[in-house]
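The entries below follow the order in which I went through them.

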Amino acid sequence: MLNIRYELTKTPKAKPADESKLGFGHIFTDHMFVMDYTTGEGWHDARIVPYGEFAISPAAMCLHYGQTVFEGLKAYRTADGTVQFFRPIENFKRLNQSNERLVIPHIDEQDCLQALHALVEVEKDWVPHTDGASLYIRPFIISVDPFLGVKPADHYMFFIILSPSGAYYETGLNPVSIYVESKYVRAVRGGMGFAKTGGNYAASLIGQDEAHKQNYSQVLWLDGVEQKYIEEVGAMNIMFVIDGEVVTPMLQGSILPGITRRSALDVCRAKGIPVSERRITIQEVADAYDSGKLTEVFGTGTAAVISPVGHLKWNDKVMIINNNEIGPISQMLYDTMTGIQWGKIEDKFGWIEKL
Ligand code: PLP
Ligand code: COI
């Protein structure tokens, strides 16, 4: 149990006037949660303080060697005004998996939940009221020792910041166009691909930049060894409907174990839709496209929700999926996931946690 100190702002900001124009990750609330770690002492000094800049040394280790981890989840406002989270404990379990890979100390998952509830309680008026908008929650840990040697740090800071946000992709539920990256790779087995750490996203920027130049919005990564097997997209996992079966890359350590991915597979299983987690090559996807068996492609993620893919470009081959329209399984998953998250349909899975 944390003993949280509160230092509340005397100058709260105006809330966004038009929630349809929030975009993703631009606006931040009045407060943040902060806690420190010191070797020998553990996590300490939990506090909710005004959101704002803070000082660390220019030599802080996170700035040089990337010993950082983060998470992403959301708080949703239901029609009766209740604020609720979607499987928040899973995010903190994954935070610890990332911590372990980055040699960052374990953090108590119940303490994280307590911090999350305490902060969102203070900021609950910031949870958007508009359909499709929610409060994006970004927990993260950075190493802060002022030291230029490469080693695990002795001092860390854990933060939770909050950002009222709309759709991650400007296109909303309209299909996105995706470019299969054949030159660069994002992660390899044995590397950090499964961890939510800044370096993975830094590694992805060059591919994203190239994709944008070609008018594609995201990159589909292939495996880091043979560049044959599908991995994931920059900010979401990927699924293919082939011959009526939902196929998605299995978890082998190089992709993020998405919470939306796992939940979407559970929804499919509950609806009797066959699912398969296995290795899948980009060639198999192209062959399924040519034979008319590839009926839908979609991404899954907290920020991306369920994001249909309408264009897939692999070298010179351009695949137009389902006439560039959202398909029935993607639509069903979107309706079910957002229905549960916004409290519009019954949560048979026990995924919702109320504030
Ligand atoms: N893959 C990557 C690289 C991501 O950044 C995300 C977003 O969190 C996901 C997949 C989807 O994970 P989740 O569904 O847990 O948000
Ligand atoms: C999320 O979906 O929460 C993510 O972290 C994606 C992010 C890189 C914007």
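**Notebook: strands, then helices**

I began with strand β5 (residues 73-77), which is joined to β7 by 3 bridges and runs antiparallel to β7; K74 has Y136 as its bridge partner in β7. For the record, this is a predicted model, in which local features need pLDDT of at least 70 and side-chain atom pairs count only at pLDDT 80 or more, while totals for chains, interfaces and linings use all residues. Residues are numbered from 1 along each chain as its sequence is written, chains are lettered from A and ligands numbered from 1 in the order in which they are written, and side-chain values use heavy atoms, with hydrogens and water left out.

I took the strands and helices as DSSP runs numbered from the N terminus (helices H or I, at least four residues; strands E, at least two), and two strands as paired if DSSP finds at least two bridges between them.

**Strand β7**

I next looked up the other partners of β7 and found that strand β4 (residues 68-70) pairs with β7 in the antiparallel sense over 3 bridges, with V69 opposite I141. Strand β8 (residues 155-165) is antiparallel to β7 as well, joined by 10 bridges, and I142 stands opposite M157 in β8.

Helix α5 (residues 259-270) packs against helix α7 (residues 328-341) at an angle of about 110°, their axes 10 Å apart (axes are lines fitted to C-alpha atoms, for helices over the stretch in contact, and angles run from 0 to 180 degrees between N-to-C directions). The two helices α5 and α7 are therefore roughly perpendicular, a term for 65 to 115 degrees, with under 35 roughly parallel, over 145 roughly antiparallel and the rest oblique.

Leaving aside neighbours within four places in sequence, Q341 is in contact (heavy atoms within 4.5 Å) with Y76, Q84, F86 and I352.
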